[in-house]
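Me: I am new to this kind of picture and would like to learn how to read it. Could you walk me through it step by step?

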Amino acid sequence: MSGTPAPAPWLPTAPCTPGDRCAAHPADGTAPQGRAPVALAVLRLAAGLGTALLGILLAPAAAPLPADARHALVRLWVRAVLRAFGVRVRVSGPPAARPGGPLLVVANHISWLDVPLVAAVLPGRMVAKREVRGWPVLGTLAALGGTLFIDRNRLRSLPGTVRTMAGVLAGGGRVVVFPEGSTWCGRAAGRFRPAAFQAALDAGADVQPVRLDYRPTHAAAYVGDDPLGASLWRIVSTRRLTAGVRLLDPLPGGRYPNRRTLAAAAQRAVASDSANLPFSSVHHRASSSPAAASSSLTPS
């Protein structure tokens with residue numbers, strides 16, 4: 001974005017460009033969905049932001065609840081936010097590995113919608129860059145949700161973050177990471193960085209690969225210098241925007257000798273699952289979610 005410092009040379013970057021210039025392409029097989037009436041788009045925007053803010057107000061009351069109860073409330077709230085923004089959510093695939101046990105959830109990264117989308121199915125402690133903490137609404141929500149913030153410009157902080165992740169997993173918790181480290185347009189994808197997978201190995205946790213997919217892709221893709229406001233408006237003004245969450249076969253961490261082989265296996269699982277799979281196995285349906293303010297949500 002304009003005025004944003006240049007990223008450190010070791011950080012992952014995507015060549016994707018914002019909005020229609022990147023993801024909208026005849027080859028992706030998605031037909032134009034058309035635009036919703038302006039009045040409906042404004043209503044969706046107000047309803048989505050209002051539902052997100054309501055979550056902030058009610059979060060302190062949910063803090064003392066057991067983890068299972070908090071996760072159930074998060075799922076209900078996030079689905080309500082998604083529905084308010086006008087996004088349909090469809091989930092398919094086998095059940096997640098070891099329900100109730102430690103789990104490292106890893107997914108491809110296309111949009112800021114990925115965060116609430118995963119939380120609607122597998123809520124857990126997200127890993128995000130430090131700058132997210134200062135974003136309007138989302139930063140507060142992320143902090144209240146126990147997000148693990150990392151300073152991506154300080155490589156020395158990464159081992160500490162991995163140890164914290166391993167501690168959460170060792171305690172039976174769930175951690176959610178987007179290991180590509182930057183958003184991609186959906187037709188192109190990045191390499192899964194291996195650092196986060198060390199936490200799963202250290203804690204003996206399974207890895208749950210997840211493939212995220214949007215139709216039409218260009219409406220949700222949030223890449224490059226795409227302004228947050230433009231991304232929000234694109235989402236609420238798109239007819240029948242559908243987000244797909246496909247749970248893939250879990251990977252037992254103990255079967256892999258190191259984090260690189262485990263990361264490669266998770267990347268192969270997500271990449272080999274076709275982006276054009278029909279949303280045939282529908283477990284539930286909802287609508288869209290809060291906002292972010294950068295195309296790179298997670299550390300590498």
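Reply: Gladly! Keep in mind that this is a predicted model.

Me: Where is R211 found? And is R211 buried or exposed?

Reply: R211 belongs to strand β6, which covers residues 206-215. Buried means under 20% relative accessible area. R211 has 12% relative accessibility, so this residue counts as buried.

Me: Which residues have the most contacts inside the largest nonpolar core?

Reply: A nonpolar core is a set of buried residues such as Val and Leu, joined through side-chain atoms. Here the largest one has 37 residues, and those with the most contacts inside it are L113, L117, V210, L212 and V245. Several elements supply at least two residues each to this core, including α2 (67-85), α3 (114-119), β6 and β7 (241-247). Another core, of 26 residues, lies apart from it; L104, V106, V127 and A166 are among its members.

Me: What is L117 in contact with, leaving aside neighbours within four places in sequence?

Reply: The partners of L117 are L82, V89, L212, Y214, A243, G244 and V245.

Me: How many residues apart in sequence are A107 and P179?

Reply: They are 72 residues apart in sequence, while their C-alpha atoms are 7.2 Å apart in space. A107 sits in strand β2 and has a relative accessible area of 1%, so A107 is buried. Not counting residues up to four places away in sequence, A107 touches V177, F178, P179, F192, V210 and L212.

Notes. Residues are numbered from 1 along each chain as its sequence is written. This is a predicted model: local features need pLDDT of at least 70, side-chain atom pairs count only at pLDDT 80 or more; totals for chains, interfaces and linings use all residues. Side-chain values use heavy atoms; hydrogens and water are left out. Helices (H or I, at least four residues) and strands (E, at least two) are DSSP runs, numbered from the N terminus. Buried means under 20% relative accessible area, exposed over 50%, partly exposed in between (1.4 Å probe, protein chains only). A nonpolar core is a set of buried Ala, Val, Leu, Ile, Met, Phe, Trp, Tyr and Cys residues joined through side-chain atoms within 4.5 Å. Contact means heavy atoms within 4.5 Å.
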